[in-house]
Amino acid sequence: MSWLPDEDGIRQTLDLLHNSQSTDTNVQRVVHEVNQKLNELNNVPDFNKYLAYILTNAGSESDSTRSLSGLILKNNLKSHFKRCPPELISYIKDGCLRCISDSSPMIRSIVGILITTIVTSDGIQNWPELLPKLVECIDSHDINFMEGAFGAIEKICEDSSSQLETDRIGCPIGVLIPKFLQYSRHDSPKISQSQVLLHFVNEFLECLFALAEDEDPNVRRHVCSAFVQLLEAHLDKLLPNLPDIIEFMLLRTQENDENISREACEFWLSLSEQPVCHQALSPYIGRLIPVLVCGMKYSESDMVLLRNDLEEDAHLPDKECDIRPRFHKTKNKLFSPEDDDEDEDDDYVSNWTLRKCSAAALDVLASVFHTDFLPILLPITKELLFSPQWELKESGILVLGAIAEGCMKGMIPYLPELCPFLIGCLSDDRPLIRSITCWTLSRYSHWIVGQPHEQYFKPLMLLKRILDCNKRVQEAACSAFATLEEEACTDLVPYLDIILRTLVYALKQYQHKNLFILYDAIGTLADSVGHHLNRPDFIEMLMPPLFEKWNVLRDDEKDLFPLLECLSSMATALGTGFLPYCAPVFSRCVNLIDRTIQLSKLHAQQPDVYEPPDKDFMVISLDLLSGLMEGLGSQMEHLVSSSPLVKLLCEAAQDAQPDVRQSSFALLGDLTKACFAHIQPQIGQFMTILANNLSSEHISVSNNAIWAIGEICIQLAITIGRLGFVCPGELAPHLSTFIRQWCLFLRNIRDNEEKDSAFRGICNLITLNPAGVLHDFLFFCDAVASWNNPKDDLKERFNAVSVSFRYLIYNYEKFITELS
């Protein structure tokens, strides 16, 4: 018997939906309380059926009420699909197929979202009637049916395209696509601009060429987007027509409609990544470069968005909506290509515009053509730089920054003249010119650092701009200064006092958002100058204001991320200078790791009750502890011994999330070097975990696992050497079983007390059992040669061992000659 709704149930559900849309604060308070009980409502029989009924049958209700009902239903399905009874899913499916042709575009869209949610959660094979029904709707020639069906199929293609490639479904993609092709020239833009035709490239291309001059701007925009997708996926199909497509894209990049011109501009970015780029674009580069440069000027819509960035606003608090979420970058002990992405681009591409797309295209094309297009570009740029219109001047400065990496060799002759000009632009009245100049100068920082410091480096240090009265300039200056720090490294040491005074003043003056980039600049300074920062006056100047920020942040605030990253760099650089601040930092990091692990367990046990924790809190805490171990070494022993760190580290090292394991292995290696006695009892378990990650698909995880295994092996080798003092009689008979590996590990560590004691112990063992090293004496000699400056009495031990072998090795003099 089919389900029938109760009038009282409909009324109660509608009351909830109506009240949630109310602007009355008293009603909103009630709704807030009701929303907190939504999980309970999910357990109420038929609640989701009432939502489906209102979406698909309550035609007298407003579109906003019906769509809200559908969105709540979608969220419920997404979170609790496995608990939904089959009769509920069947009821929702029937309602969606009935409602696919609703007269309201909003309701048709919501129905499409519900359909793809069910397909994603349950598999399209469990809804065999869906695709045949959607094709039937397409063939109906009713515009509501057609647009509703196309919208639903497009959402399925976006979310579950792989499911469409199986023959187990009722209407496979090979049957669907020819059906779509016949509608690609339909009068309705929503139908003709569908993107599901890529499997039939040749036919698709014919349709695209036919639509290239369509009057509807949305169709032209989607044609541009389709060409970009085809270029990335099917370049071979485009090659015969590439000259015509380039001509088309040149025209579209100059469209007044920025949505079209920006989409077309993406084509040059994609083409630059293709091996045919230089050959294909060479005939057009003289026409393309002016088009891209023109697109790099701020548009009217850009200026509307930037209107608040044109004034002295450094004293105004940030709005929360202006503060982007922060993501932590995990610590990698060995370099891998995946770490070579530049962070600067993250900010650069956010809020993607024609200006930024044009600049990015010019940047990558500079790396393809190098100095070849400078004769075309430089006259245009010079005219912009000296334009009386500030917007044109600003775009000229952006051009110089965009080509810096690809055209550096060709730009060097012009830099002695350009750099003073750009340094002068740092004092321009316009904040947007000051900010873009900071970025452009940072792109040439490698060359600048290599010149006499009085000439460019000192004037460039951007310290005045770090304290600019405009927040956008502050951000650009801090970011540029961080780049300069990475290039200059210890060249910054003579200027540390004024640099630190500037950064400390900024700590007191900056608003919320810019503090993040300021922390990064301070951390980069610590990484760049290292131990030179470990001076009492510098520590006293910088650490108290940093800890003032530290003390006001709660453990669940994501603002901790950049500050913890900064403190990690400071701990490594300061070494013993960080000791007064070590205990509270260590304790908080251990607590954050413990808290995250406990929340993960609760989520695993009751996923419907507990949200998954943000594991970045654990990752950054692990990395900061690595910095402490690296900077303070064995002085961390008393803190490690009184904490559950080793136990927590063992759990973190088995986490499912790769970046957690990556940072865990980094800390394990540092902890092994600093406090091996606390790792030693768990070596068996840790080595098993590390071995299981040697072939991880995440390169950085494998790298850190390899590094940690190496550190453990070195410590074990040192321990074996020291056992030569404690129980030489018991160990000496086994010398031949480990001496070669021992020598290979110990030859790679620098001179220190641990190496000294290990070699003294191994000399004891060799004295007792010289035959045990006879076949590997060459390796022992190689390990001895790794010493730079052994103590005198240790030298005597080496000589004594050498003398004893004169009687064991046949033709000893020849052996030594060959060895040397």
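Trainee: Why is glutamate 651 called partly exposed?
Mentor: Its relative accessible area is 24%. Buried means under 20%, exposed over 50%, and partly exposed in between (1.4 Å probe, protein chains only), so glutamate 651 at 24% is partly exposed. Keep in mind that this is a predicted model, where local features need pLDDT of at least 70, side-chain atom pairs count only at pLDDT 80 or more, and totals for chains, interfaces and linings use all residues. Residues are numbered from 1 along each chain as its sequence is written, and side-chain values use heavy atoms, with hydrogens and water left out.

Trainee: What makes lysine 601 and glutamate 651 a salt bridge?
Mentor: The term asks for a side-chain nitrogen of Lys or Arg within 4 Å of a carboxyl oxygen of Asp or Glu. Here the closest N and O atoms are 3.0 Å apart, so the pair qualifies. Lysine 601 sits in helix H35 (residues 579–605) and glutamate 651 in helix H38 (residues 645–652), so they tie together parts 50 residues apart in sequence. Helices here are DSSP runs (H or I, at least four residues), numbered from the N terminus.

Trainee: And what makes aspartate 670 buried?
Mentor: Aspartate 670 has 1% relative accessibility, so the buried label applies. Its salt-bridge partner is lysine 673, at 4.0 Å, N to O. Lysine 673 counts as partly exposed, at 38%.

Trainee: How do you know that histidine 222 is buried?
Mentor: Its relative accessible area is 17%, so buried is the label. Histidine 222 belongs to helix H13 (residues 217–233).

Definitions and conventions:
Helix = DSSP H or I, 4+ residues; strand = E, 2+ residues; numbered from the N terminus.
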